[in-house]
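Colleague: I would like to learn how to read the inside of a protein model. Please take me through the core and the aromatic rings.

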Amino acid sequence: MAAAAGGGGGGAGGSCFVLGASGETGRALLRELLSQRLFARVTAIGRRRMSLGEESAAALEQVVVDFEQLSEHAAAFRGHDVGFCCLGTTRAKAGAAGFIRVDRDYVAQAAELARAGGCKHFVLQSSQGANEHSHFLYLRVKGEVENLVQAVGFDRCTILRPAVLLCTRQEPRPAEWIAQHFLSLVARVFPTAYSVPVETVARAMAASVLKPGGGKVEVLENKAIHELGRAVPQQDTK
């Protein structure tokens, strides 16, 4: 297996961690990383262990942490070349304060621990429209966390801003289900404008470590995510 291009740290001997692996995009990302074998070591960092198939469980390390005491788990972030972050919740589920704590504070602190632990490339799932000056809480928090992660000083930082995520939720969200079905129809006419499948986002996140970097900080909007996520280049296994 050849090393990943662009100084991302992937390839044989490389190590990565995934935050938010129990969510829809995180699960898709884990499947992509394990099937592509982009890293010799993949670690899922989360609040609880996940139930996985036997093959996936054997190839994946799981570390349980208390996000309220994240500084006590610095060892979990040590020794990784690349960090992937899909961590997030919703205001409806956690309340406004809880949403800010998870989507901004936890992510920013994890990024600091990762950089201190030697991580060179941080890949962050954000959102289309992220803007620290937005009047909408969701977009404002996403813009704030983008700035905080960039300020950490990784050698390379990739930020993905997907539009509405198309997926089959593990937990029912009726309003979102209706919106997704509508956008699935719209996507037939405007495939890259308003939505993106979580599998495409996951492939784009994985592919970002293989492609040459577009500078110290690279922001991928929804169209670029579609383009990059069409297919991850196959690694040379000879």
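Predicted model: local features only at pLDDT ≥ 70, side-chain atom pairs only at ≥ 80, totals over all residues.

Colleague: How many residues does the largest nonpolar core have, and which have the most contacts inside it?

Modeller: In general, nonpolar side chains of soluble globular proteins tend to be buried together. Here the largest nonpolar core has 33 residues. Those with the most contacts inside it are Leu29, Leu33, Phe39, Val42, Phe84, Leu160 and Met205.

Colleague: Which elements give two or more residues to this core?

Modeller: They are strands S1 (11-19), S2 (39-46) and S4 (82-85), together with helices H1 (24-36), H6 (198-207) and H7 (222-228). H6 gives the most, with 7 residues.

Colleague: What does Leu33 touch?

Modeller: Leaving aside residues up to four places away in sequence, Leu33 touches Cys16, Val18, Leu38, Phe39, Val42, Phe84 and Ala206. Apart from this core lies another, of 25 residues, with Ile45, Phe77, Cys85 and Ala111 among them.

Colleague: Now the rings. How many aromatic pairs does the structure hold?

Modeller: The structure holds 6 aromatic pairs. Take Phe39 and Phe84: their ring centres are 6.2 Å apart and their planes stand at 85 degrees, so this pair is edge-to-face. The cut-off for that label is over 60 degrees.

Colleague: Which parts does that pair tie together?

Modeller: Phe39 is in strand S2 and Phe84 in strand S4, so the pair links parts 45 residues apart in sequence.

Colleague: What does a stacked pair look like here?

Modeller: Phe67 and Tyr106 form one, at 5.2 Å centre to centre with 20 degrees between the planes. Phe67 lies in the loop between strand S3 (60-64) and S4, and Tyr106 in helix H3 (residues 91-116), so the pair ties together parts 39 residues apart in sequence. Phe67 counts as buried at 5% relative accessibility, as does Tyr106 at 10%. There is also an aromatic cluster, formed by Phe17, Phe77, Phe122 and Phe154.

Colleague: Back to H6. How many of its residues are buried?

Modeller: An α-helix has 3.6 residues a turn, so residues three or four places apart point the same way. H6 is mostly covered, with 8 of its 10 residues buried. They are Val198, Thr200, Val201, Ala202, Ala204, Met205, Ala206 and Ala207.

Note on methods: Residues numbered from 1 in each chain as written. Heavy atoms only, no water. Core = buried A, V, L, I, M, F, W, Y, C linked by side-chain atoms within 4.5 Å. Buried < 20%, exposed > 50% of the residue type's maximum accessible area, 1.4 Å probe, protein only. Helix = DSSP H or I, 4+ residues; strand = E, 2+ residues; numbered from the N terminus. Contact = heavy atoms within 4.5 Å. Phe/Tyr/Trp six-rings, centres within 6.5 Å; stacked < 30°, edge-to-face > 60°.
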